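The sequence and structure come first.

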Amino acid sequence: MSVPWQTIETSPAATRLAVRGLAKAFGGVQAVHDVSFSVTAGHMLALIGPNGAGKSTCFNLVNGQLRPDRGSVHLDGIDVTGQRPRDIWRAGVGRTFQIPATFRSMRVRENLQVVLASRERRTLGLWRPLRERFRDEAMALLTQVGMQGQAERTCGVLAYGDVKRVELAMALAGRPTLLLMDEPTAGMAADERHALMALTRELATQHGLAVLFTEHSLDVVFAHADRIVVMARGRVIAEGTPEAIRDDVTVQAAYLGVPDTEAGVPA
Ligand SMILES: Nc1ncnc2c1ncn2[C@@H]1O[C@H](COP(=O)(O)OP(=O)(O)OP(=O)(O)O)[C@@H](O)[C@H]1O
Ligand SMILES: [Mg+2]
(Lines give C-alpha, C1' and ligand atoms only; values in the text may rest on other atoms or scores of the structure.)
(Ligands and ions follow the chains in the order given, each with its own letter.)
Protein backbone atom coordinates (compact mmCIF):
# COMPACT_ATOMS: atom_id res chain seq x y z
CA MET A 1 0.00 0.00 0.00
CA SER A 2 1.39 3.38 -0.95
CA VAL A 3 2.18 5.88 1.75
CA PRO A 4 -0.03 8.87 0.97
CA TRP A 5 2.08 11.50 2.46
CA GLN A 6 5.66 12.19 1.49
CA THR A 7 8.26 13.01 4.07
CA ILE A 8 8.79 16.74 4.04
CA GLU A 9 12.19 17.67 2.70
CA THR A 10 13.19 20.52 4.93
CA SER A 11 15.45 20.62 7.93
CA PRO A 12 13.87 19.28 11.12
CA ALA A 13 14.32 22.65 12.80
CA ALA A 14 12.44 24.55 10.07
CA THR A 15 9.95 27.14 11.28
CA ARG A 16 6.57 26.03 10.02
CA LEU A 17 4.39 28.74 11.59
CA ALA A 18 5.46 32.25 12.55
CA VAL A 19 2.86 34.58 14.00
CA ARG A 20 3.98 38.19 14.53
CA GLY A 21 2.17 41.02 16.32
CA LEU A 22 -1.26 39.53 15.75
CA ALA A 23 -4.21 41.63 16.91
CA LYS A 24 -7.97 41.23 16.68
CA ALA A 25 -10.80 43.16 18.35
CA PHE A 26 -14.50 42.37 18.42
CA GLY A 27 -16.21 45.68 19.03
CA GLY A 28 -14.72 46.92 22.28
CA VAL A 29 -13.16 43.56 23.20
CA GLN A 30 -9.48 43.23 22.34
CA ALA A 31 -9.56 39.44 21.95
CA VAL A 32 -5.94 39.16 20.74
CA HIS A 33 -3.31 41.81 21.34
CA ASP A 34 0.21 41.80 19.89
CA VAL A 35 0.62 38.02 19.94
CA SER A 36 3.80 36.47 18.53
CA PHE A 37 5.03 32.90 18.59
CA SER A 38 6.38 30.26 16.24
CA VAL A 39 6.23 26.50 15.86
CA THR A 40 9.02 24.43 14.34
CA ALA A 41 8.76 21.19 12.40
CA GLY A 42 8.22 18.12 14.55
CA HIS A 43 7.31 20.15 17.61
CA MET A 44 4.12 20.46 19.62
CA LEU A 45 3.23 23.89 21.00
CA ALA A 46 0.40 24.23 23.51
CA LEU A 47 -1.52 27.49 23.69
CA ILE A 48 -3.07 27.70 27.13
CA GLY A 49 -4.90 30.26 29.23
CA PRO A 50 -8.16 30.81 31.06
CA ASN A 51 -11.55 31.00 29.30
CA GLY A 52 -11.71 34.00 26.99
CA ALA A 53 -7.90 34.41 26.88
CA GLY A 54 -7.97 34.55 23.07
CA LYS A 55 -6.77 31.04 22.17
CA SER A 56 -9.52 30.15 19.70
CA THR A 57 -9.32 33.63 18.18
CA CYS A 58 -5.60 33.03 17.55
CA PHE A 59 -6.45 29.72 15.88
CA ASN A 60 -9.03 31.37 13.68
CA LEU A 61 -6.55 34.08 12.68
CA VAL A 62 -4.08 31.36 11.65
CA ASN A 63 -6.59 29.20 9.76
CA GLY A 64 -8.21 32.10 7.94
CA GLN A 65 -11.63 32.06 9.62
CA LEU A 66 -10.79 35.57 10.87
CA ARG A 67 -8.69 38.39 9.40
CA PRO A 68 -6.28 40.07 11.79
CA ASP A 69 -6.52 43.82 12.44
CA ARG A 70 -2.72 43.86 12.62
CA GLY A 71 0.15 41.42 12.42
CA SER A 72 1.17 38.60 10.12
CA VAL A 73 0.97 34.84 9.71
CA HIS A 74 3.76 33.08 7.83
CA LEU A 75 3.59 29.43 6.89
CA ASP A 76 6.88 27.83 5.84
CA GLY A 77 8.17 31.34 5.17
CA ILE A 78 5.21 32.34 3.02
CA ASP A 79 2.92 35.19 4.07
CA VAL A 80 -0.62 33.81 4.30
CA THR A 81 -2.06 36.65 6.39
CA GLY A 82 -5.77 37.21 5.70
CA GLN A 83 -6.08 34.39 3.13
CA ARG A 84 -9.31 32.42 2.94
CA PRO A 85 -9.62 29.18 4.97
CA ARG A 86 -9.61 27.00 1.87
CA ASP A 87 -6.43 28.60 0.53
CA ILE A 88 -4.77 28.26 3.92
CA TRP A 89 -5.79 24.60 4.03
CA ARG A 90 -4.21 24.13 0.61
CA ALA A 91 -1.10 25.96 1.83
CA GLY A 92 -0.64 23.22 4.43
CA VAL A 93 -2.66 24.03 7.54
CA GLY A 94 -4.71 21.07 8.68
CA ARG A 95 -7.06 21.11 11.59
CA THR A 96 -9.11 18.60 13.43
CA PHE A 97 -12.80 19.28 13.26
CA GLN A 98 -15.78 17.46 14.59
CA ILE A 99 -17.29 15.03 12.11
CA PRO A 100 -20.55 16.59 10.92
CA ALA A 101 -23.82 14.70 11.44
CA THR A 102 -24.13 13.75 7.77
CA PHE A 103 -20.74 12.04 7.87
CA ARG A 104 -21.72 9.88 10.81
CA SER A 105 -23.88 7.65 8.59
CA MET A 106 -20.96 7.02 6.22
CA ARG A 107 -18.29 4.39 6.58
CA VAL A 108 -15.01 5.48 8.17
CA ARG A 109 -13.15 4.85 4.90
CA GLU A 110 -15.67 6.90 2.89
CA ASN A 111 -15.19 9.90 5.17
CA LEU A 112 -11.51 9.86 4.30
CA GLN A 113 -12.25 9.47 0.60
CA VAL A 114 -14.47 12.57 0.63
CA VAL A 115 -11.65 14.65 2.12
CA LEU A 116 -9.10 13.19 -0.31
CA ALA A 117 -11.37 13.95 -3.27
CA SER A 118 -11.85 17.48 -1.98
CA ARG A 119 -8.09 17.94 -1.83
CA GLU A 120 -7.88 16.91 -5.48
CA ARG A 121 -10.60 19.51 -6.29
CA ARG A 122 -13.04 16.77 -7.29
CA THR A 123 -16.37 15.82 -5.84
CA LEU A 124 -16.73 12.19 -4.92
CA GLY A 125 -20.30 11.83 -6.11
CA LEU A 126 -21.39 8.31 -6.89
CA TRP A 127 -18.87 7.74 -9.64
CA ARG A 128 -17.45 4.36 -8.78
CA PRO A 129 -13.96 4.64 -10.35
CA LEU A 130 -13.30 7.82 -8.37
CA ARG A 131 -14.59 6.12 -5.25
CA GLU A 132 -12.12 3.30 -5.84
CA ARG A 133 -9.32 5.69 -6.67
CA PHE A 134 -8.91 7.11 -3.17
CA ARG A 135 -9.52 3.80 -1.45
CA ASP A 136 -5.87 2.81 -0.93
CA GLU A 137 -4.89 6.26 0.22
CA ALA A 138 -7.81 6.33 2.66
CA MET A 139 -6.75 2.94 4.03
CA ALA A 140 -3.13 4.09 4.38
CA LEU A 141 -4.24 7.12 6.42
CA LEU A 142 -6.45 4.93 8.61
CA THR A 143 -3.48 2.63 9.17
CA GLN A 144 -1.44 5.61 10.38
CA VAL A 145 -3.98 6.29 13.12
CA GLY A 146 -4.59 2.61 13.92
CA MET A 147 -8.13 2.58 12.51
CA GLN A 148 -7.68 0.27 9.51
CA GLY A 149 -9.60 -2.51 11.27
CA GLN A 150 -12.67 -0.30 11.55
CA ALA A 151 -12.64 1.13 8.03
CA GLU A 152 -15.93 -0.45 7.00
CA ARG A 153 -17.88 0.57 10.10
CA THR A 154 -20.07 3.65 10.04
CA CYS A 155 -18.70 6.59 12.05
CA GLY A 156 -21.88 6.74 14.13
CA VAL A 157 -21.15 3.45 15.89
CA LEU A 158 -17.53 4.23 16.85
CA ALA A 159 -16.30 4.81 20.38
CA TYR A 160 -15.53 8.49 21.08
CA GLY A 161 -11.76 8.01 21.14
CA ASP A 162 -11.93 6.25 17.76
CA VAL A 163 -13.95 9.11 16.26
CA LYS A 164 -11.12 11.41 17.35
CA ARG A 165 -8.62 9.20 15.51
CA VAL A 166 -10.73 9.40 12.36
CA GLU A 167 -10.85 13.20 12.72
CA LEU A 168 -7.07 13.21 12.97
CA ALA A 169 -6.77 11.06 9.82
CA MET A 170 -9.14 13.47 8.03
CA ALA A 171 -6.92 16.39 9.02
CA LEU A 172 -3.85 14.51 7.77
CA ALA A 173 -5.57 13.81 4.43
CA GLY A 174 -4.84 17.40 3.42
CA ARG A 175 -1.07 16.68 3.81
CA PRO A 176 -0.55 19.49 6.29
CA THR A 177 2.77 20.84 7.45
CA LEU A 178 1.02 22.52 10.39
CA LEU A 179 -1.75 20.87 12.38
CA LEU A 180 -4.11 22.97 14.52
CA MET A 181 -6.05 21.20 17.26
CA ASP A 182 -8.46 23.29 19.35
CA GLU A 183 -9.22 21.33 22.53
CA PRO A 184 -8.59 17.96 20.84
CA THR A 185 -9.17 15.86 23.94
CA ALA A 186 -12.29 17.60 25.30
CA GLY A 187 -14.74 14.99 26.54
CA MET A 188 -12.25 12.13 26.48
CA ALA A 189 -11.25 9.85 29.34
CA ALA A 190 -7.71 10.34 30.70
CA ASP A 191 -6.15 7.28 29.03
CA GLU A 192 -7.78 8.13 25.67
CA ARG A 193 -6.46 11.71 25.92
CA HIS A 194 -2.90 10.58 26.41
CA ALA A 195 -3.21 7.96 23.64
CA LEU A 196 -4.44 10.58 21.16
CA MET A 197 -1.66 13.03 22.03
CA ALA A 198 0.97 10.27 21.90
CA LEU A 199 -0.29 9.35 18.44
CA THR A 200 -0.14 13.02 17.41
CA ARG A 201 3.45 13.16 18.67
CA GLU A 202 4.36 10.09 16.63
CA LEU A 203 2.89 11.62 13.46
CA ALA A 204 4.61 14.96 14.13
CA THR A 205 7.97 13.24 14.48
CA GLN A 206 7.50 10.98 11.47
CA HIS A 207 6.39 13.70 9.09
CA GLY A 208 8.07 16.85 10.39
CA LEU A 209 4.63 18.19 11.21
CA ALA A 210 4.31 21.20 13.52
CA VAL A 211 1.40 20.95 15.95
CA LEU A 212 -0.36 23.86 17.67
CA PHE A 213 -2.98 22.84 20.21
CA THR A 214 -5.11 24.36 22.93
CA GLU A 215 -6.03 22.32 25.92
CA HIS A 216 -7.70 22.90 29.25
CA SER A 217 -6.37 19.68 30.73
CA LEU A 218 -3.00 20.70 32.16
CA ASP A 219 -1.82 17.11 32.64
CA VAL A 220 -2.10 16.65 28.86
CA VAL A 221 -0.28 19.94 28.25
CA PHE A 222 2.61 19.22 30.60
CA ALA A 223 2.93 15.61 29.37
CA HIS A 224 2.90 16.27 25.63
CA ALA A 225 3.90 19.85 24.74
CA ASP A 226 7.49 20.75 23.80
CA ARG A 227 6.75 24.39 24.47
CA ILE A 228 3.88 26.29 26.03
CA VAL A 229 2.56 29.77 25.26
CA VAL A 230 0.36 31.18 28.00
CA MET A 231 -2.26 33.79 27.15
CA ALA A 232 -4.40 35.92 29.44
CA ARG A 233 -6.80 38.66 28.36
CA GLY A 234 -5.60 38.54 24.77
CA ARG A 235 -1.88 38.80 25.50
CA VAL A 236 0.99 36.34 25.73
CA ILE A 237 2.11 36.44 29.35
CA ALA A 238 4.69 33.63 29.25
CA GLU A 239 6.38 31.21 26.89
CA GLY A 240 8.73 28.36 27.59
CA THR A 241 9.25 24.68 28.26
CA PRO A 242 6.72 22.84 30.43
CA GLU A 243 9.22 22.95 33.31
CA ALA A 244 9.72 26.72 33.02
CA ILE A 245 5.99 27.40 32.74
CA ARG A 246 5.17 25.24 35.74
CA ASP A 247 7.47 27.39 37.87
CA ASP A 248 6.48 30.78 36.40
CA VAL A 249 4.86 33.00 39.03
CA THR A 250 3.13 35.22 36.47
CA VAL A 251 1.46 32.12 35.04
CA GLN A 252 0.46 30.95 38.48
CA ALA A 253 -1.10 34.34 39.15
CA ALA A 254 -2.93 34.82 35.88
CA TYR A 255 -3.75 31.28 34.92
CA LEU A 256 -3.82 29.03 37.90
CA GLY A 257 -5.91 31.45 39.95
CA VAL A 258 -3.33 32.34 42.58
CA PRO A 259 -3.73 36.02 43.52
CA ASP A 260 -0.87 38.21 42.25
CA THR A 261 0.28 39.19 45.72
CA GLU A 262 0.45 35.56 46.90
CA ALA A 263 2.42 34.57 43.80
CA GLY A 264 4.89 37.38 44.44
CA VAL A 265 3.96 39.33 41.32
CA PRO A 266 3.43 43.07 41.64
CA ALA A 267 -0.21 43.99 40.92
N1 LIG B 1 -16.97 36.22 17.17
C2 LIG B 1 -16.83 36.93 18.30
N3 LIG B 1 -17.54 38.05 18.52
C4 LIG B 1 -17.39 38.76 19.64
N5 LIG B 1 -16.52 38.46 20.62
C6 LIG B 1 -15.79 37.35 20.47
C7 LIG B 1 -15.90 36.53 19.31
N8 LIG B 1 -15.02 35.48 19.44
C9 LIG B 1 -14.42 35.66 20.61
N10 LIG B 1 -14.86 36.76 21.24
C11 LIG B 1 -14.38 37.29 22.53
O12 LIG B 1 -12.97 37.36 22.44
C13 LIG B 1 -12.37 36.92 23.66
C14 LIG B 1 -11.45 35.73 23.40
O15 LIG B 1 -12.25 34.60 23.06
P16 LIG B 1 -11.65 33.21 22.61
O17 LIG B 1 -12.79 32.36 22.18
O18 LIG B 1 -10.57 33.43 21.64
O19 LIG B 1 -11.05 32.66 23.97
P20 LIG B 1 -10.47 31.22 24.33
O21 LIG B 1 -9.15 31.45 24.97
O22 LIG B 1 -10.54 30.33 23.17
O23 LIG B 1 -11.51 30.74 25.45
P24 LIG B 1 -12.01 29.25 25.83
O25 LIG B 1 -10.94 28.66 26.70
O26 LIG B 1 -13.27 29.50 26.59
O27 LIG B 1 -12.22 28.49 24.57
C28 LIG B 1 -13.52 36.64 24.61
O29 LIG B 1 -13.76 37.80 25.38
C30 LIG B 1 -14.67 36.36 23.69
O31 LIG B 1 -15.91 36.66 24.30
MG1 LIG C 1 -11.49 28.49 22.76
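Helices, of at least four residues, and strands, of at least two, are DSSP runs numbered from the N terminus. The model is predicted.

**The largest pocket**

With that numbering, helix 2 gives the most to the lining of the largest pocket, namely 4 residues. The space in this pocket is about 320 Å³. Its lining comprises 15 residues, and those closest to the centre are P85, R86, W89, R95 and F97. At least two lining residues come from each of helix 2 (85-90), strand 6 (93-95), helix 4 (108-119) and helix 7 (160-172).

An open sheet is formed by 4 strands in the order 2-1-4-5, with antiparallel pairing. Strand 2 (29-40) and strand 5 (78-79) are the edges of this sheet; each has a single partner strand, so one side of each lacks a neighbour in the sheet. Strand 5 is held to strand 4 (residues 70-75) by 2 bridges, and H74 has D79 in strand 5 as its bridge partner. Packed on the sheet is helix 1 (residues 55-63), which touches strand 1 (15-26), strand 2 and strand 4. The direction of helix 1 makes about 115° with that of strand 1.

**Parallel pairing around strand 7**

Strand 7 (residues 178-182) pairs in the parallel sense with strand 6 and also runs parallel to strand 8 (residues 210-214). Opposite L179 of strand 7 stands G94, while L180 has L212 in strand 8 as its bridge partner.

| Strand pair | Sense | Bridges |
|---|---|---|
| Strand 4 and strand 5 | antiparallel | 2 bridges |
| Strand 6 and strand 7 | parallel | 3 bridges |
| Strand 7 and strand 8 | parallel | 5 bridges |

In a regular strand, side chains alternate between the two faces of the sheet.

**Cysteines**

How many disulfides does the count give? With a cut-off of 2.5 Å between cysteine sulfur atoms, the count is 0 disulfides. A disulfide is a covalent bond between the sulfur atoms of two cysteines. Are C58 and C155 buried or exposed? C58 has a relative accessible area of 2%, so C58 is buried. C155 is at 3% relative accessibility and therefore also counts as buried.

Methods
Residues numbered from 1 in each chain as written. Chains lettered and ligands numbered in written order. Predicted model: local features only at pLDDT ≥ 70, side-chain atom pairs only at ≥ 80, totals over all residues. Heavy atoms only, no water. Pairing = 2+ DSSP bridges. Contact = heavy atoms within 4.5 Å. Axes fitted to C-alpha atoms, helices over the stretch in contact; angles between N-to-C directions. Buried < 20%, exposed > 50% of the residue type's maximum accessible area, 1.4 Å probe, protein only. 1 Å grid on protein atoms, 1.4 Å probe; cavity = no way out; pocket = protein on both sides within 12 Å on 5 of 7 lines; lining within 4 Å. Points joined across faces, edges and corners; volume = space filled by probe spheres on them.
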